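These are my notebook entries on a structure that I went through by topic. I kept the cut-offs beside the terms, for later reference.

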Amino acid sequence: MGFNELLADLDHSASAQAAGIRRGYGGPPARAVSVSAGMTRLRCASLLKPLYAWVSAARVPDAERWRRHAEPAVVVSSNADTLNLWLAVGPRVILEDLRERTGVAWDLPNGDPSRFGSVEVTAGEVAAAYAVLAQAAAAGDPVAGAVLAWMSEVADPQAFGAREALGWPESAVKCGWYGAPDETCLRTHAVAVQPRGGTRVSVIVAMTALPYTDAQEREVYRERVGKGLSVEAEHEKVSGTVLRGLMTATREELGA
């Protein structure tokens with residue numbers, strides 16, 4: 001299914017974005033694609049965790065302490081460990097370091113700067129940042145390599161079938177899911193990175209914010225989040241098909 005069919009079936013209150021980048025020395029010409037419906041910028045906290053982990057390593061003198069927080073932030077999407085790095089290094093420092101390394105500029109959210117999950121991005125920006133991360137790993141950056149290796153360890157229940165949908169079983173993946181108490185949508189998002197040899201790499205990003213308006217379902221969801229219980233199944237029910245559809249359509253457009 002192509003972008004037109006996927007987006008045409010969305011509720012008018014939904015937002016969805018997808019982007020892909022294919023680049024690398026010695027490969028085919030660089031190519032980038034993107035599509036967007038609904039809000040221009042979305043929050044996708046979990047997709048940024050590997051990027052935060054990457055740039056924060058140079059700012060944490062104790063390498064073991066950095067790894068102790070960075071690895072679970074990536075592998076199991078630990079909010080507590082991400083927040084530890086975010087506050088220890090400083091939000092402005094992390095975002096500025098990302099801008100210098102990737103050329104992608106993100107702003108701090110309004111209000112409480114400790115809320116790392118409120119940074120708003122586009123799918124194209126996320127894809128561009130990950131392409132730099134992946135090529136840095138290919139060029140020998142040990143921290144970038146470690147981050148991608150951790151992404152390869154993300155377990156299937158937290159991957160929303162992205163690897164299988166793309167036909168990239170060994171790809172580095174990071175997904176995220178959340179529905180804030182003040183939102184009438186569920187946000188579900190994913191990034192997949194596929195090294196192609198040398199500095200060649202393909203990156204695909206999909207981000208969704210789909211309606212979730214049933215009052216009873218939202219109450220049960222909030223209770224589960226409050227108790228620390230899994231809510232991935234609810235995100236799969238609401239967003240899984242659309243998320244994977246956006247990713248596979250992007251892969252086809254990239255020719256990846």
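The entries below cover conventions, cavity, strands, cysteines, salt bridges and backbone angles.

**Entry 1, conventions.** I worked on a predicted model, in which local features need pLDDT of at least 70 and side-chain atom pairs count only at pLDDT 80 or more, while totals for chains, interfaces and linings use all residues. Residues are numbered from 1 along each chain as its sequence is written, and side-chain values use heavy atoms, with hydrogens and water left out.

Grid points are joined across faces, edges and corners, and a volume is the space filled by probe spheres set on the points. The count came to 1 cavity of 30 Å³ or more, and the largest cavity has a volume of about 60 Å³.

I then listed the lining, where a lining residue has an atom within 4 Å of a point. The residues that line the largest cavity are Gly 179, Ala 180, Pro 181, Glu 183, Cys 185, Leu 186, Tyr 212, Arg 218, Tyr 221 and Arg 222. I sorted them by class, with Ala, Val, Leu, Ile, Met, Phe, Trp, Tyr, Cys and Pro as nonpolar, Asp, Glu, Lys and Arg as charged, and the others, Gly among them, as polar; the lining holds 6 nonpolar, 1 polar and 3 charged residues.

For secondary structure I used DSSP runs, numbered from the N terminus, with helices (H or I) of at least four residues and strands (E) of at least two. Strand S6 (185–197) and helix H9 (215–226) each supply at least two residues of this lining, and H9 gives the largest share, 3 residues.

I next followed S6 to its partner, counting two strands as paired if DSSP finds at least two bridges between them. S5 and S6 run antiparallel and are joined by 7 bridges, and a hairpin connects S5 to S6 through 6 residues. Within this pairing, Trp 177 stands opposite Thr 188 in S6. For burial I used relative accessible area (1.4 Å probe, protein chains only), with buried under 20%, exposed over 50% and partly exposed in between. Strand S5 (residues 172–178) is mostly covered, with 6 of its 7 residues buried.

How many disulfides does a search of the whole structure find? I found 0 disulfides, a disulfide being a pair of cysteine sulfur atoms within 2.5 Å. The closest cysteine sulfur to that of Cys 44 is in Cys 175, and at 11 Å it is too far for a bond. Cys 44 is buried, at 0% relative accessible area, and Cys 175 also counts as buried, at 1% relative accessibility.

I took a salt bridge as a side-chain nitrogen of Lys or Arg within 4 Å of a carboxyl oxygen of Asp or Glu, and the structure holds 12 of them. One joins Glu 125 to Arg 41, with the closest N and O atoms 2.6 Å apart. This pair links distant parts of the chain, 84 residues apart, since Glu 125 is in helix H6 (residues 123–138) and Arg 41 in the loop between strand S2 (31–37) and strand S3 (42–43). Arg 41 is partly exposed, at 28% relative accessibility.

Another salt bridge joins Glu 217 to Lys 237, with closest N and O atoms 3.8 Å apart; Glu 217 lies in helix H9 and Lys 237 in helix H10 (residues 232–254), 20 residues apart. Glu 217 is partly exposed at 32% relative accessibility, whereas Lys 237 is exposed, with a relative accessible area of 53%. Lys 237 also meets Glu 234 in a salt bridge (2.9 Å, N to O), and both residues lie in H10, 3 residues apart, about one turn of the helix.

Last, I looked for positive phi in residues other than glycine, and one case is Ser 77, with phi near 60 degrees. Ser 77 lies in the loop between helix H3 (63–75) and helix H4 (79–89), and is buried at 10% relative accessibility. Phe 160 has a positive phi near 55 degrees; this residue is in the loop between helix H7 (142–152) and helix H8 (162–166), and is buried, with a relative accessible area of 5%.

Technical notes:
1 Å grid on protein atoms, 1.4 Å probe; cavity = no way out; pocket = protein on both sides within 12 Å on 5 of 7 lines; lining within 4 Å.
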